[in-house]
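Subject: Structure handover

Hello,

Here is the structure for you to look at. Please open it alongside this email.

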Amino acid sequence: MKKQAIGVFDSGVGGVSIWKEITTLLPFEDTIYLADSKNAPYGQKSKKKILEFSIKNTELLIDKGCKIIVVACNTATTNAISFLRQNYDIPFIGIEPAIKPAALQTTTNAIGILATKGTLSSELFHATSKKFTKGIRVIEQIGEGLVPLIEAGKIDTPEMTSLLKKYLDPMLVANVDAIVLGCSHYPFLIPHIKKIIGSNIRIIDSGEAVAKQTKTVLEQHDLLNPLKIVPRHLLYSNTSVATLNLLLNSSKEVYKIQKLDF
């Protein structure tokens, strides 16, 4: 199993931000990535549907021989990962908004969280938020419309800028000193977010932490690939591969992108 791939799935192309962190930290591991763009965004779906999609993606990655699965989607993690861990016999790595570091480091006692409806309304998010944000003002904002624009490759557009200003302005008014990105798609918007919020507010996402946890779990299960050779990266989308190609254009990794019906 050591030579088998790391599986990664997301409700579309956003999890590529996590995939990049994993391939950087673990340069000799093969990977298989599933972009379930056909059903994006998960954040607007029911918990039943999110679980259904997560099971489908998991079983496809297991069929392709993956030794570990990274759920590179905040909404799928908060709504489905407990079920996946209980019902499948391989390790799972989840991703959830990095509320803890934002809450521990704030000096203004105000933080912002930009996430999907599915994440902000989940039991896991509320439990984490309650645990770490006592006495801290939390400005929650559903990023409605952001994921479809990213999926369509419309990142550098006036429509994107307008939506971001609408969602970030209340956080600026509240004097937040950190904004947590609670969706794996949102790191692709960091350059645009910085133009709106300036340099004094920290932007926190979970990508690096997820990669480190993936490495830790592989070590714990003795699953690190011992071969020091160029890895094989396969990325699949069930819609157009155009946005995947766009987001990976500057990647130093050797990869292959294919359209796959799943």
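Below is what was found in it, from the whole chain down to single residues.

**Overall**

Note that this is a predicted model. The protein chain has 11 helices and 10 strands. Its radius of gyration is 18 Å, close to the 18 Å that the globule rule gives for 262 residues, so the chain is as compact as a globular protein of that length. Along the principal axes, the C-alpha atoms fill a box of roughly 50 × 40 × 35 Å.

Look at the strand 10 end. Strand 9 (residues 233-237) runs parallel to strand 10 and is joined to it by five bridges. Within that pairing, Tyr236 has Gln258 of strand 10 as its bridge partner.

Strand 5 and strand 7 (residues 178-182) pair in parallel over four bridges. Ala115 stands opposite Gly182 of strand 7.

**Helix packing**

Two helix pairs are worth a look. Packed helices are described by the angle between their axes and the distance between the axes.

Take helix 2 (residues 47-63) and helix 3 (residues 74-87). Their axes come within 9 Å and cross at roughly 65°. An angle of 65 to 115 degrees counts as roughly perpendicular, and helix 2 and helix 3 are therefore roughly perpendicular to each other. The crossing is right-handed. Helix 2 contributes Lys47, Ile50, Leu51, Ser54, Ile55 and Thr58 to the contact. Helix 3 contributes Thr75, Ala76, Asn79, Ala80, Phe83 and Leu84. By class, that contact has seven nonpolar, four polar and one charged residues.

Now helix 8 (residues 158-173) and helix 9 (residues 190-197). Their axes come within 10 Å and cross at roughly 50°. Helix 8 and helix 9 are therefore oblique to each other. Helix 8 passes helix 9 in a right-handed crossing. On the helix 8 side, the residues are Thr161, Leu164, Lys165, Leu168, Asp169 and Leu172. They meet His192, Ile193, Ile196 and Ile197 of helix 9. This contact has six nonpolar, two polar and two charged residues.

**Backbone points**

Two loop residues to check in your viewer:

- Pro41 is joined to Ala40 by a cis peptide bond, with omega at about -5°. Pro41 sits in the loop between strand 2 (31-35) and helix 2.
- Asn109 has phi near 55°, a positive value in a residue other than glycine. Asn109 is in the loop between helix 4 (99-105) and strand 5 (110-115).

Best wishes

How values were computed. Residues numbered from 1 in each chain as written. Predicted model: local features only at pLDDT ≥ 70, side-chain atom pairs only at ≥ 80, totals over all residues. Heavy atoms only, no water. Axes fitted to C-alpha atoms, helices over the stretch in contact; angles between N-to-C directions. Parallel < 35°, antiparallel > 145°, perpendicular 65-115°, else oblique. Left-handed = near helix turned anticlockwise from the far one by under 90°. Contact = heavy atoms within 4.5 Å. Nonpolar A, V, L, I, M, F, W, Y, C, P; charged D, E, K, R; others polar. Pairing = 2+ DSSP bridges. Rg over C-alpha atoms; globule rule 2.2 N^0.38 Å.
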